[in-house]
Amino acid sequence: MLSLRDLSKSFGGVVAVDRVTLEVRAGEVHALIGPNGAGKTTLIHQVSGSLPADTGQILFEERDITRLAAHERVRAGLARSYQVTSLFRRFSVLDNLALAVQARSGSSFSFWRPLAAERALFDEARDIAARINLTRVDIPAASLSHGEQRALEVGLALATRPKLVLLDEPMAGMGLEESKRMIDLVRRVRESVTVLLVEHDMDAVFRLADRISVMVNGRLIATGAPEAIRRNEEVRRAYLGDELAA
Amino acid sequence: MRILLVALVAAAFPWAMHALGQDFYTSFATRVLIYAMAAASLNLVLGYGGMVSFGHAAFFGAGAYIVAILAAEGITSLWIAWPVAVAVAALAALVIGAISLRTRGVYFIMITLAFAQMMYYVFVSLKAYGGDDGLSLPGRSSIGLGVSLSNDFVWYYIVLALLALVLFLLHRLLHARFGRVIEAIRENETRATAIGYPVYRYQLLCFVISGAVAGLAGALIVNQTSYAGPTLLHWVQSGTLMIMVILGGVGRFWGGPIGAAVLLVLEEVFSASPLLGPYALHWQLPVGLILLAVVLFAPQGLAGALAKRSQ
């Protein structure tokens, strides 16, 4: 569904992403793991279109999207969430979601009809809020708890009705209980959407992923089923260490 | 309720002044209404769109100059001159916006300022149209239909009606899909892109609409003062409009009009000799102190403070 071919990105002399070739299959949860500074987030930025690729190609459903603008990729069905929560903080939860629904339903170059009269937008926003377990929809996004903000972060991506969603460390900064809820949420998401998941929480990764790719120093050193990755010598040496050897 | 009251006062104002024998104030009020429109246009980009344009005088001045130049060439009909003024201002906003919106933050402020100053020097060097001295208008635009705008009474109501129309349209726009998107871009541009909005296009259109409205205000101000000079395009003019918006309330619907009214009234009060005598020459000082107080104690501007009180 998503193929990266020889994708590279350098910042000055530093190679952040080094000829990465990766295939995300339709319907799977594909986890991308690696130590800090491995280039995972840079790769996500390239796939979502917020950073241009130096070389290489990005194909989405067999279509070359390497030169497509970020907003056009969203239209094509490729949405993302952010590692550092990025919401419309002063807007209510419902307005946040309705805004994302609005982006893909009809033109927003509309200057006359009151937004408040567009019931369909808000009905759908309510549905999504229910899907991500947010009940307090009329309060500003900024006053949600950290866990709720992370859920809304994912909800905003879902509201664009993506075919594939890039989740950049959805569990970042979460406690045990919140992480569990996020794992449940990702499980529900994957029923209808392909997921490329960047995550540091190994417990979550091994619970959720169908396949795992490991990135170290900008390079992809292994891709495979969780068990194979767990046993892979190179991965252990480079990253997992002894914590998973037991 | 409150808006009805404002409308009533605005509608009755010339009659009241006439009854009091103070017709001068009708003309002053007309000036306030025109600046209210210009400030509202700036508030659209600055307050709602989060684009800090420091060159709004370019569009205001362009609108004014177009009307004056057309009049000098013998075209005085409002039905031609005003739409041309609006169109030229919109076109200027399209060109300036298309380039400036590729930058952000301080660079955006500086580049809009630079463009406006360039326009200023263009008009200063236009010797055919007055150059440094500017261009005076032989009379107000002609409207036909047996009505004359040279009557200050009629003129006041024309300006009031146009301001009401502009504010009504802005209100519709801000509460429609478009308004929500430009506010969302102000709040979080990255996220707006990530949910599928072509940010640049929305910002550019917002900038053009704002420029067009400022152009209309410019067409009105030249009719008000019968004179178009380079000072209309000077950066001090851009600064004045910005002060009006900040005073009234950035991103507050009534911010522009309230700021324009308060600033012009303060200027009028403190620059008139009866109050300060010989010190009236330095009217900027008390006005500056008041502005400072507003920024410190009512950071959301006067409109924000009013809204808080009525809650």
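In chain A, A:Val198 is located in strand β8, which spans residues 194-198. The structure described here is a predicted model. A:Val198 has 24 other C-beta atoms within 10 Å and is therefore buried, the threshold for this class being 20 or more. Apart from neighbours within four places in sequence, the contacts of A:Val198 comprise A:Leu32, A:Lys40, A:Thr41, A:Ile44, A:Leu167, A:Asp168 and A:Glu169. A distance of 26 Å separates the C-alpha atom of A:Val198 from that of A:Ser143, the two residues being 55 residues apart along the chain.

Between the chains, 27 residues of chain A are in contact with 19 residues of chain B. On the side of chain A that touches chain B, at least two residues each are supplied by α2 (70-76) and α3 (93-104) of chain A. The most is given by α3(A), with 5 residues. Classified by residue type, this side of chain A has 14 nonpolar, 7 polar and 6 charged residues.

Within chain B, helix α3 (residues 57-72) packs against helix α9 (residues 199-225) at an angle of about 50°, and their axes are 6 Å apart. The two helices, α3(B) and α9(B), are therefore oblique to each other, and the crossing is right-handed. From α3(B), B:Phe59, B:Phe60, B:Gly61, B:Ala62, B:Gly63, B:Ala64, B:Val67 and B:Ala68 take part in the contact; their counterparts in α9(B) include B:Gly211, B:Ala214, B:Gly215, B:Leu216 and B:Ile221. The residues of this contact of α3(B) with α9(B) comprise 12 nonpolar, 6 polar and no charged.

How values were computed: Residues numbered from 1 in each chain as written. Chains lettered and ligands numbered in written order. Predicted model: local features only at pLDDT ≥ 70, side-chain atom pairs only at ≥ 80, totals over all residues. Axes fitted to C-alpha atoms, helices over the stretch in contact; angles between N-to-C directions. Helix = DSSP H or I, 4+ residues; strand = E, 2+ residues; numbered from the N terminus. Parallel < 35°, antiparallel > 145°, perpendicular 65-115°, else oblique. Left-handed = near helix turned anticlockwise from the far one by under 90°. Contact = placed C-beta atoms within 7 Å. Nonpolar A, V, L, I, M, F, W, Y, C, P; charged D, E, K, R; others polar. Buried ≥ 20, exposed ≤ 12 C-beta atoms within 10 Å, placed from the backbone.
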